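Subject: Handover of a structure

Dear colleague,

Please find the structure below, together with its sequence. A written account of the findings follows it.

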Amino acid sequence: MICTACRAALRTARASPSSRLLPTPSFAIRAFSASRTLRSVSAAIDEEIPSMTPAEASIASILAEKLSPTQLLVQDVSGGCGSMYAIDITSAAFRGQTILKQQRMVNAALGDLVKGWHGVQIRTKIPAEDA
């Protein structure tokens, strides 16, 4: 599902004679998939990963600072307008909390940033205890 702004942009691009020169819409390439493996926080933030947009990296940085996750994946699933994100996060900070409380912790960490989005998909996990 894509937002109205992205849908209008696609319609305009298809109607334009130069539409062959436009890149493939990002939602066709970057659709969220549960089968994608989570990237470690250090790999996602410290290294240059071509598939992570600046907005995704910014969100990952905020979450890394506030929740100290062991694994984190942030993806723009809006279809290109940057108004909906899927977040997979594993953090010890979630230990002992309900799923609702874990998701509220993620929302609180992101603060007012979330208010400008159409929506957010949050999947939280607790890391396995060290043996």
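In the protein chain, 58% of the contacts between residues at least 6 apart in sequence join residues that are at least 24 apart. Please note that the model is a predicted one. The chain has 131 residues, and 37% of them count as buried. Its accessible surface amounts to about 8,000 Å², with 55% belonging to carbon and sulfur atoms.

As to secondary structure, the protein chain holds 5 helices and 3 strands. Read from the N terminus, the order of elements is α-α-α-α-β-β-α-β.

The strands make up an open sheet of 3 strands in the order E1-E2-E3, and the pairing is mixed. Strand E1 (71–76) and strand E3 (119–125) each have a single partner strand, so they stand at the edges and one side of each is left without a neighbour in the sheet. On average, neighbouring strands of this sheet are turned by 10 degrees against each other, direction ignored.

E1 and strand E2 (residues 84–90) run antiparallel and are joined by 6 bridges. Glutamine 71 has threonine 90 in E2 as its bridge partner, and leucine 72 stands opposite isoleucine 89 in E2. Although E1 is at an edge of the sheet, the strand is mostly covered, with 5 of its 6 residues buried.

Helix H4 (residues 54–67) lies across E1 and E2 and runs at about 150 degrees to E1. Helix H5 (residues 99–110) also packs on the sheet, where it touches E2 and E3; the direction of H5 makes about 125 degrees with that of E3.

Which residues does threonine 124 contact, its neighbours within four places in sequence left aside? They are Ile89, Phe94, Gln102, Gln103 and Val106. Threonine 124 is found in strand E3. Its relative accessible area is 16%, and because the limit for a buried residue is under 20%, threonine 124 counts as buried. The side chain of threonine 124 also forms a polar contact of 2.4 Å with the side chain of glutamine 102.

Next, the charged side chains. In general, side chains of opposite charge can pair when their charged atoms come close. The count here comes to 1 salt bridge. The partners are lysine 115 and aspartate 112, whose side chains meet at 3.1 Å, N to O. Is this pair buried or exposed? Lysine 115 is exposed, with a relative accessible area of 69%, and aspartate 112 counts as exposed at 57%.

One backbone position also deserves a look. Most residues other than glycine have a negative phi. Serine 68, however, has a positive phi of about 45 degrees, although it is not a glycine. Serine 68 lies in the loop between H4 and E1. With 54% relative accessibility, serine 68 counts as exposed.

With kind regards

Key:
Residues numbered from 1 in each chain as written. Predicted model: local features only at pLDDT ≥ 70, side-chain atom pairs only at ≥ 80, totals over all residues. Heavy atoms only, no water. Helix = DSSP H or I, 4+ residues; strand = E, 2+ residues; numbered from the N terminus. Buried < 20%, exposed > 50% of the residue type's maximum accessible area, 1.4 Å probe, protein only. Contact = heavy atoms within 4.5 Å. Areas by Shrake-Rupley, 256 points an atom, 1.4 Å probe, with all protein chains shown as cover. Pairing = 2+ DSSP bridges. Axes fitted to C-alpha atoms, helices over the stretch in contact; angles between N-to-C directions. Salt bridge = Lys/Arg side-chain N within 4 Å of Asp/Glu carboxyl O. Polar contact = N/O pair within 3.5 Å; in protein donor to acceptor, adjacent residues only side chain to side chain.
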